[in-house]
Amino acid sequence: MPNFCAAPNCTRKSTQSDLAFFRFPRDPERCRIWVENCRRADLEAKTSDQLNKHYRLCAKHFDPAMVCKTSPYRTVLKDTAIPTIFDLTSHLKNPHTRHRKRIKELTEEDLKKIKERRLASSIEQLSKKDAAIEDSTSTNEDEPQLSTEEKELREYLRSLFEVVVMLGKQGIPLVTGKASEAEHVSNNFQAILDYRMNAGDEALRKRFQATAVNTEYLSATQQSQLLDVCENTVREEMLMEVRESRFFSLVTGDLVEFANEKHLPLFLRFVNQHNVLREEFLDFMSFVGDESALVERLEAQLTDRWGLSMEDCRGQAHKATGTSTTKMKAVAVLLMEKYPLALHLPCSHMALNIHLANNLPFPNVHVVMETLRRLGAFFTTPFTQDELEKAIATHYQKNEEKGSAVKEASGSRWTEQHNVFDVLLDLLPPLLLCMDSIRDNADGKFANAVAADAYAVTETLSDFEVVVTVVILKNVLTFTRAFGRNLQGETLDVFFAANSLTAVLHSLNEVNDNIDVYHEFWYEEAVSVADVMGVPVRVPRLFLRKQRAADVGEIQAEAYFKEYVTLPIIHGIMQEVEDMFSETNLKALKCLSLVPAVMGQMKFNTTEENYAEVYRSDLPNPDTLPAELHCWRIKWKHRGKEVRLPTTIHETLQLPDVKFFPNVNSFLKVLSALPVLKVEDNRTEAASERLQAYLDSMPAKQWNKSLAILNVNTHVKHDLDVMVDKYCRLYSEDDPEAEAEPEEVVEEDAGEVAGKEAEEDAGEVAGKDAEEMAGEDSEEVAGEDTVEMAGEVAEEDTEMK
């Protein structure tokens, strides 16, 4: 069973973190001081024995100097430790929530009595200090001694985890596959274990010396258990930072398929304790089910499994493509209905024009966007880029200046740029020449698969509907191109982009009002491009077949493309822009005027307080905000000539005196986590790029979720001893009942514990019973093993003597 913290407004439990949990002391006087500090009125009537048996406080409520880690798996409190760190006010910010831990309001008389008792207690403790020191030295209390078998087991597990971590960080699959059922599987994991044993790893040698040749050392189940522990340990390191920072944004990536099931990559963006913006990849989530099921699964993942609060989510961005875009848009709407401050915004990793096009629910647009993704991958294969440059030179041989410009624009990652549709339109004729040349493969330098891909792309580009769609997208998204580029620029650019949205919408409305004229010009442009490419101008075959079936008269091509391509695209783009940049979203972005460089550009005539209501509940002292903002402006307006104005949120948060402006500091941290702002001062590749690199580096059949998390998060520190300890708690080999109890525990604690936590609970039940027999006072109760129990019994005997 998990241990829940008894402190007010604390929701931590032992199954969600590696935090130590401590029993209330049995000594009545110390126990009463703990209860007084907790301010729990409902605990005052309970005896010290009852409190010791049933109630715990987590390590977060003690001064770190009072907590001693005697070994990687044992944490104790000093004898004089008193809990002093409590949150007694956060429940007031949300009075509608039910507060299960009743906080006692202290009167002046209560405070006076507490001070007197504490003074007397401190004098008594000082008098006993010397005696306690002598007693401790004479007792010579050591760490619990492990038996030889337990030491060997831990060394063996440590070697296994070292191998698993190495495989994950290097992106090496566990199994490389097999040609047939009869053929032996090539197992990288087993090969490395063999190598380590031959290199002198005695722990592994003793474990496997009697194992027959060609026999698997570890079953698939055991390997899966090792991977789960590694994955959860690395994830918990990141989650501890997220919990400390409180506010975060949720970002999802492109769908990834594992075992014939689609999964959604989950990223969290937050500002850590060093005021540095981080975006980390944490897990994959199953994409099965409708929008409501996805929302429930997301909430369960973040709250029940990760210990976060969706009330602290300040933004969401979904990098969906194809048919999944409609589903993810519905998920975003449902999340915003439940959590209005989880603003739905575009992601800084993707150009706005590409994001807008991806969100259009039209099959012809999906075909164009999928073709762009295929082209991006196609021109990373050998010789293909050279062939494209030759085709560009051939097509533009009479206009070398234009050819040079197109060649430069079609360089690395051109399919991800803001002007992607302009470049694609210029490239359409050369692309057909290039693909035809690769299809012919006269000199045989291209693989058959590359030639097949070239044929598929040629068939797509030879469709007049695709040509018209590209032309319409290029012309409509011209009006949002500069706006999107500014959104991914510096803080000052983002601020002015938020103020220029009205002009963007005005331009799109003007196009919509005069759509007949605009469509005529755009259609002529599409016909001209198709003529150069040799593509016949015609209405799609599928539409003609439906028309004949309905016995409807013939429709002209220009009228068809106006009704089914131009109008849907212009209306769809306008709706997307309005939804993505609602009034609330714009208010949040306009708060960027808190950055000193933006204030200076505005001649220090800014009005952040007009938009502050969006995040009023997030501020430590909202009533003093107007005065604080006035002081903030005065500070920078009357700075010395040698003082430079910080230009970014990151730079502003690094200022040593920003802590004297608590509201401004909180404001900037919340804004920094919004997914639309680029990650500043990021010296490494983005987590999404590292994930894509892992997926590209090996065949899809060898993808592994746990290894992907280890590979993407190589920068996250890991402790092999912690992994060994977790494994011993979850999958104890010495406890035959550990596999029989989880079902009972799951039934008893349904809704609180899920999946692997049920097994952890079963292990903790045995540990708790052993610890209660020993009668330890302030000992860590999460996951004690039999060795700790023996140490505690010896300790109790010494005290009795």
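What is the relative accessibility of asparagine 9, and how does that value count?

Modeller: This is a predicted model, so a few ground rules come first: local features need pLDDT of at least 70, side-chain atom pairs count only at pLDDT 80 or more, and totals for chains, interfaces and linings use all residues. Residues are numbered from 1 along each chain as its sequence is written, and side-chain values use heavy atoms, with hydrogens and water left out.

Asparagine 9 counts as partly exposed because its relative accessibility is 23%. Asparagine 9 sits in the segment before strand 1 (21–23). Strands (E, at least two residues) and helices (H or I, at least four) are DSSP runs, numbered from the N terminus. The backbone of asparagine 9 deserves a look too. Its phi is near 60°, a positive value in a residue other than glycine. Most residues other than glycine have a negative phi.

Arginine 246 also has a positive phi, near 75°. Arginine 246 lies in the loop between helix 7 (220–245) and strand 5 (248–252). At 33% relative accessibility, arginine 246 counts as partly exposed.

Now compare a buried site. Glutamate 299 has a relative accessible area of 12%, so it is buried. Its place is in helix 8 (residues 291–305). Leaving aside neighbours within four places in sequence, glutamate 299 is in contact (heavy atoms within 4.5 Å) with Asp304, Met310, Lys338 and Tyr339.

Helix 8 packs on helix 9 (residues 324–338). Their axes are 9 Å apart, at an angle of about 55°. Axes are lines fitted to C-alpha atoms, for helices over the stretch in contact, and angles run from 0 to 180 degrees between N-to-C directions. Helix 8 and helix 9 are therefore oblique to each other. Angles under 35 degrees count as roughly parallel, over 145 as roughly antiparallel, 65 to 115 as roughly perpendicular, and the rest as oblique. Helix 8 passes helix 9 in a right-handed crossing. In that term, the near helix is turned clockwise from the far one by less than a right angle; anticlockwise is left-handed. Helix 8 brings Glu291, Ser292, Leu294, Val295, Leu298 and Glu299 to the contact, and helix 9 brings Lys327, Ala330, Val331, Leu334, Leu335 and Lys338. These residues divide into seven nonpolar, one polar and four charged. Here Ala, Val, Leu, Ile, Met, Phe, Trp, Tyr, Cys and Pro are nonpolar, Asp, Glu, Lys and Arg are charged, and the others, Gly among them, are polar.

Another helix pair is worth a visit. The axes of helix 14 (residues 420–440) and helix 20 (residues 515–533) come within 9 Å and cross at roughly 20°. That makes helix 14 roughly parallel to helix 20. Leu425, Leu428, Pro429 and Leu432 of helix 14 meet Glu525, Val529, Val532 and Met533 of helix 20. This contact has seven nonpolar residues, no polar ones and one charged.

Finally, the whole protein. There are 33 helices and ten strands. Of the 801 residues, 49% count as buried. The average pLDDT (the predictor's confidence in each residue, from 0 to 100) is 78, and 79% of the residues score at least 70. Over residues 734–801 the pLDDT is below 50.

Technical notes:
Buried means under 20% relative accessible area, exposed over 50%, partly exposed in between (1.4 Å probe, protein chains only).
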